[in-house]
Amino acid sequence: MEVRFAKENELVRINELRKQVNDVHVEGKPDVFKPGFGDELRDFINVIWNDPEQEIVVAVADDVICGFVIIHHINKPENPFMKERDFLDIDEFCVDEAFRRRGVATDLISFIKDYAKEKGFHRLELNMWEFNRGALAFYESVGFETFRRYMEIML
Ligand SMILES: CC(C)(COP(=O)(O)OP(=O)(O)OC[C@H]1O[C@@H](n2cnc3c(N)ncnc32)[C@H](O)[C@@H]1OP(=O)(O)O)[C@@H](O)C(=O)NCCC(=O)NCCS
């Protein structure tokens, strides 16, 4: 399997995987996520593609894109409470259902870690939805630790 940056002609396939992530979110948190995969969400891949602060990474096995991840450079300036923060954020992450539990996502994370170190970053971040226990188990398996929480009460 090869892990590399995406090519423009791969965006349609990447959108198939983005739909899988959206479906997981719609099922787990229907009060927040919009069902289906509308034109706006489909076309948002072009915004990502054209943003110099974002990169799309793909895993390819036998010429099939079996996983992807979006990495987003974030710089939050210093404010009265916090120091400046400069890090890479993992924005979307999916391995095709047919390719899960074979180490594809682990390889994608290794690629991102190497890239981040090469670029001089000292921190990778991501946020995830609490219902998504499989994703949590995966992120913990590759070394991520929870450092902040969002909480809610449904009224
Ligand atoms: C989460 C996801 C990316 C993991 O991809 P993957 O390629 O299957 O992960 P890996 O094979 O590299 O898993 C490595 C380890 O993580 C853990 N893990 C991965 N998926 C898991 C799951 N569903 N339940 C429990 N542990 C899991 C296991 O420890 C696994 O090792 P093992 O298979 O030897 O037991 C994939 O399940 C996915 O795309 N899910 C749907 C989309 C999604 O939820 N994305 C995250 C949005 S925030």
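**Entry 1: the strands**

I began with Glu55, which stands opposite Ile71 in strand 3. I am working from a predicted model. I then looked up how strand 2 and strand 3 pair, and found the antiparallel sense over 8 bridges. The two strands form a hairpin, and I noted 2 residues between them.

Next I went to strand 1. Strand 1 and strand 2 (residues 54–61) run antiparallel and are joined by 4 bridges. I looked up two of the residues facing each other here. Val3 has Ala59 as its bridge partner in strand 2, and Arg4 stands opposite Val58 in strand 2.

**Entry 2: the turn at Asp62**

I went back to the hairpin of strand 2 and strand 3 to look at its turn, which holds Asp62. Asp62 lies in the loop between these strands. I noted its positive phi of about 50°, although Asp62 is not a glycine. Most residues other than glycine have a negative phi.

Is Asp62 buried or exposed? I found 6 C-beta neighbours inside 10 Å, so Asp62 counts as exposed. The cut-off for exposed is 12 or fewer.

I looked for other residues with a positive phi. Arg101 has one of about 60° and is not a glycine. I placed Arg101 in the loop between strand 4 and helix 3. Arg101 counts as exposed because it has 9 C-beta neighbours inside 10 Å.

I checked how helix 4 (residues 133–141) is covered. Helix 4 is hardly covered, and the count of buried residues among its 9 residues is 0.

**Entry 3: helix 3**

I picked out Lys113, which has its place in helix 3. Lys113 is partly exposed, because 15 other C-beta atoms lie within 10 Å. I also looked up its separation from Asn79. Lys113 and Asn79 are 34 residues apart in sequence and, C-alpha to C-alpha, 28 Å apart in space.

**Entry 4: helix 1 against helix 2**

Two packed helices are described by the angle between their axes and the distance between the axes. I looked up both values for helix 1 (residues 11–28) and helix 2 (residues 39–50): an angle of about 120°, with the axes 10 Å apart. That angle makes helix 1 oblique to helix 2. The crossing of helix 1 past helix 2 is right-handed.

Which residues meet where helix 1 and helix 2 pack? From helix 1 I noted Leu11, Ile14, Asn15, Arg18 and Asn22. These meet Leu41, Arg42, Ile45 and Trp49 in helix 2. I sorted the residues of this contact into 5 nonpolar, 2 polar and 2 charged. An α-helix has 3.6 residues a turn, so residues three or four places apart point the same way.

Terms used: Residues are numbered from 1 along each chain as its sequence is written. This is a predicted model: local features need pLDDT of at least 70, side-chain atom pairs count only at pLDDT 80 or more; totals for chains, interfaces and linings use all residues. Axes are lines fitted to C-alpha atoms, for helices over the stretch in contact, and angles run from 0 to 180 degrees between N-to-C directions. Angles under 35 degrees count as roughly parallel, over 145 as roughly antiparallel, 65 to 115 as roughly perpendicular and the rest as oblique. A crossing is left-handed if the near helix is turned anticlockwise from the far one by less than a right angle, and right-handed if clockwise. Two residues are in contact if their C-beta atoms, placed from the backbone, lie within 7 Å. Ala, Val, Leu, Ile, Met, Phe, Trp, Tyr, Cys and Pro count as nonpolar, Asp, Glu, Lys and Arg as charged, and the others, Gly among them, as polar. A residue is buried if 20 or more other C-beta atoms lie within 10 Å of its own, exposed if 12 or fewer, and partly exposed in between; C-beta atoms are placed from the backbone. Two strands pair if DSSP finds at least two bridges between them.
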